[in-house]
Amino acid sequence: MNIKIESIIRGYIDAIHDGIATGWVYNVSAPGVPLNVELIINGETQGAAVANGLRKDVTEAGVPNSRCGFAIPLRTIRSLSECKTIEIRTTVTRAFVIDGKQSDLGKYAGHIDSASAREVAGWACDLINPGQPLHITVYQGGKRYGGGVADVTRADVLEAGYPSAQCGFHIRLDEPVEPNLGVLVIDADSGELILSAQPDLSAQPDVEPPKSVDIHGHVDSVSIWGVSGWCFDKASPEDFPALEVICNGNVIGKGTADQPRPDVVAAGIWTKPCGFTIGFTVPLSEVTGNPLIVRESASGCEVSGTGVSVLTDKPVGLVDSIEGDFISGWAIDPLNPSAPIEARCEGQVIASGKADLHRDDLVPYGFPEAGFRLSIIADVKQLLDRDIFVTFTGTDVALNGTPVRIRQSRSLTKFLSRQDRYAPDLIGRFRRKAEFLRKSELISIIIPVYNTPQQWLREALDSVLSQWSPCWELICVDDCSTDPVVQEILTEYKEKDKRIIVLSTPENSGIAAATNWGIRTATGQHVAFMDHDDWLEPDAVHSLLMATKQSDATLIYSDEILTSVNINNIIQVRGRPAFSHDYYLSHPYFVHLICVKTDLALAVGGWDESMKISADVDFVYRILERSDFVAHIPRPLYRWRTHTSSAGHALSARAPEATLKALKRHVKKLSASAVVALGSQFNEYVVTWPDPGGKVLIVIPTKNKASLLRVCISSIERTCDTDQYQIMIIDHESDDPETLQLLAEMAERYKVVHYQGQFNYAKMNNLALDYAGGEFPFVLFLNNDIEALDKGWIERMRSLAGRSDVGAVGPMLLYADDRIQHAGVLVGFNGSADHAHKFVDAFGPAGRNPGYNCSLTAVRDYSAVTAACMMMRTAIFASVGGFDESLTIGFNDTDLCLRVRAAGFAILYDGHTVLRHYESATRRGTGQLSHPEDTALFRERWKELFARGDEFYSPLLSPTGVDHILIDSDDCDLTSVTRVRPVTLRPLEQAPALATGGRAGKARARGNGARKRKARERK
């Protein structure tokens, strides 16, 4: 069945049997909201239902909603064979969400000769591509029961006039199918229906007689999470018993006793893994109070200790974590679902609330709304290293995981206590020296002010007065505040320090207009921007001035600290990479602190006063269009107070569209044909650059492992048009008969090159390019254990690799369990180089996991990407000399990327392209993953890079262990030198200038002219 699914709706029709249609459907944008759907067959409405049935199999397959199943009684249709067209649509919007026709009407031919409880046999062929045996899967009720390849010789099929004899199949099922449901044979590559049949259970010669078992074990516990215990079969010591949990005669859970149980081993009972934990496949409400039977599936032998009931009359819960000033977890009181909870420290209540937030992990247990996120009302700094208990209010029933302690990074603690650790006379001497050295330089700090709460405004102004460097002026622009206290405070501080300038607008005209007043008034060579309710770290001005000295950058940005309403309650420290233009296009990853040359701020026209929100991002876009270099200070210089009363928060719903509009203007200046769209997460965007076209040479080194190579190549063929690529397989002495046969088949349509000698990944890939002889404009280096998932991936990678400023592109690679295997390479991490975000879950309940500062779902610069899947122009590959063959196994791809970067090209990670990587499956266990010689050579060659650090990985973050977490060390004071990068994406036109005025007008105009003269001289 060809199934078309619209962008926000997903689903599938499992079967139509005995007048009932079953399947599942859900809304990607609102997965928790059941859809009302109706079924139209052969153009006539046959029935309707709410898609809210429990489908745990769908959840296990990655769908974020387990309540999405449907079973619709049909008016006249009894079986699938009566269906010519099948459509499902929502009954509210009338929008078609699934439509299609039976595939065997044109694309497939076949027949199920026999279908029993344990076997399905027959033949099936693809009439469009008869030379390619079908990879097929057997399903029943949405569950996979087995699969294989339809490649058995069937001379009778060929004699009957069908185009292929290699189309027979005989599939042994993993477990018996149900007698009352039809089985479906699905094309494993396309997901399309090929055949369906009703299993015949009247004669089952294929069913094996029950085996002899000798079951030993015990049920240890029964809880809301499931049944746990241990079990082994003494009659079959090499096998792990398959178990099932029975409640009221129904199977409510299945599992295998294959988990480690060191206690059983220590007791001398059994030496092999024998533990089990089996979750329930039905809501907990259907289980509570009923005895549960645990038994071996095939024989029905019960495990000792079985028959215990689930009791949920006692409150339970768990504290997951403390992040910033929030405590998160879940809590369930079955007798009082709305019972409040509280957190206490030494008897004082520091947080309270209800456990009423949605938790996908609790849905299968019948408590979907039991999560909590409590806001700590006390000063977090005063709670460090003290026990915190989370309990149900008014009781001593503590949740699991408590007591818990707030522990702050030692590096951050040391950094935030600088003001207290340094003697006042030392700071005084520092200020006098800074003023002497910098007396001709000035940073103009601009603060638009509007009805700021008194305490927050004073904190902001005091943070400027506390700067260690005196080389600043503060321009406060009161945007017609209605609160008279605001003007009183500004006047008070103006009288306190002559460097404070107060301006007042005649009417409330918005942040952008007020900021422009400040820019026009500024006398400093640089302007920096600050919100009226935030905080500057005491070394902010000094660090900015040092950055201006170390670089000729027109734009400077720093790292920042997110706080709660209390400016001293740290939520997160955002350590940013060196400047990445692509990253900023995907996700405007820096907001504060920003410093710009004043003449350039005027030249681009200041902030766009027509924008009520996102004017700051738009301003950065326009600054970048006229910038040659951007500097990053890897040091938190700014505290950003987050609260619901801010202008940004109030207009946050409008921010994505406003930013998108500004981004489209910016990208149009960079490439007239690039397309920009909203991303999958808040404040994320997708830029699709024009695809230059040109055939891609895909180089795949391999040795044996035919199953991996077959999946790899079939996935390419399934997702890419044949005119887009040519595959070259580099075979390293394969001797497996199945692989040799596959290579012979592949040689009929692809190039197979035989390589002999010691394994040398670099040499094998260089050999491929030598054979190609410059015929292909692009090369894609690909491991044989890669599987492409979606169409369009090769075109998207080529659109990035084809840009004149880009040297190589790598996608996100996932392990089989959807954890991340590759999302960029960090040079120097863990002593050599390693993949960023390794083992992080790529998906969450709401879809893609954005990762640290949206790094996972963005396009951004890295120092390197993995050649397990890496595309580049062949001309660039040749210009840097290809892979270094002295690095035989390890780091040859990282070394290549670093040489490409040294030649002036960007290395991009594309978070919008996702493939599967069954990592190093062909070499694991052979010793080929150990390469100490390569490691030593790599470290020696790039020792200067190791010494200064990877510029795309913040020195604020841990260099070992788990990446992208704040460094925790007594020796680190969060310091580093400025990192400067050129702006390589160049605009097609320039922006208009802002009319000058105020005290700096004439001087600014002269500076503008000088800058233009220098630009003409450079040209």
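Q: What percentage of the residues in the protein chain is buried?
A: The model is predicted: local features need pLDDT of at least 70 and side-chain atom pairs count only at pLDDT 80 or more, while totals for chains, interfaces and linings use all residues. Residues are numbered from 1 along each chain as its sequence is written, and side-chain values use heavy atoms, without hydrogens and water. Buried means under 20% relative accessible area, with a 1.4 Å probe and protein chains only. Of the 1019 residues in the protein chain, the buried share is 52%.

Q: Which residues touch the most other members of the largest nonpolar core?
A: A nonpolar core joins buried Ala, Val, Leu, Ile, Met, Phe, Trp, Tyr and Cys residues through side-chain atoms within 4.5 Å. The largest one has 86 residues, and those touching the most other members are Ile698 and Ile716.

Q: Which helix gives the most to this core?
A: Helices here are DSSP runs of H or I with at least four residues, numbered from the N terminus. The top contributor to the core gives 7 residues and spans 615-624: helix α13.

Q: How much space lies in the largest cavity?
A: A cavity is a set of points on a 1 Å grid over the protein atoms alone where a 1.4 Å probe fits but cannot get out. Its volume is the space filled by probe spheres set on the points, which are joined across faces, edges and corners. The whole structure has 6 cavities of 30 Å³ or more. The largest cavity holds about 60 Å³.

Technical notes:
Buried < 20%, exposed > 50% of the residue type's maximum accessible area, 1.4 Å probe, protein only. Helix = DSSP H or I, 4+ residues; strand = E, 2+ residues; numbered from the N terminus. 1 Å grid on protein atoms, 1.4 Å probe; cavity = no way out; pocket = protein on both sides within 12 Å on 5 of 7 lines; lining within 4 Å.
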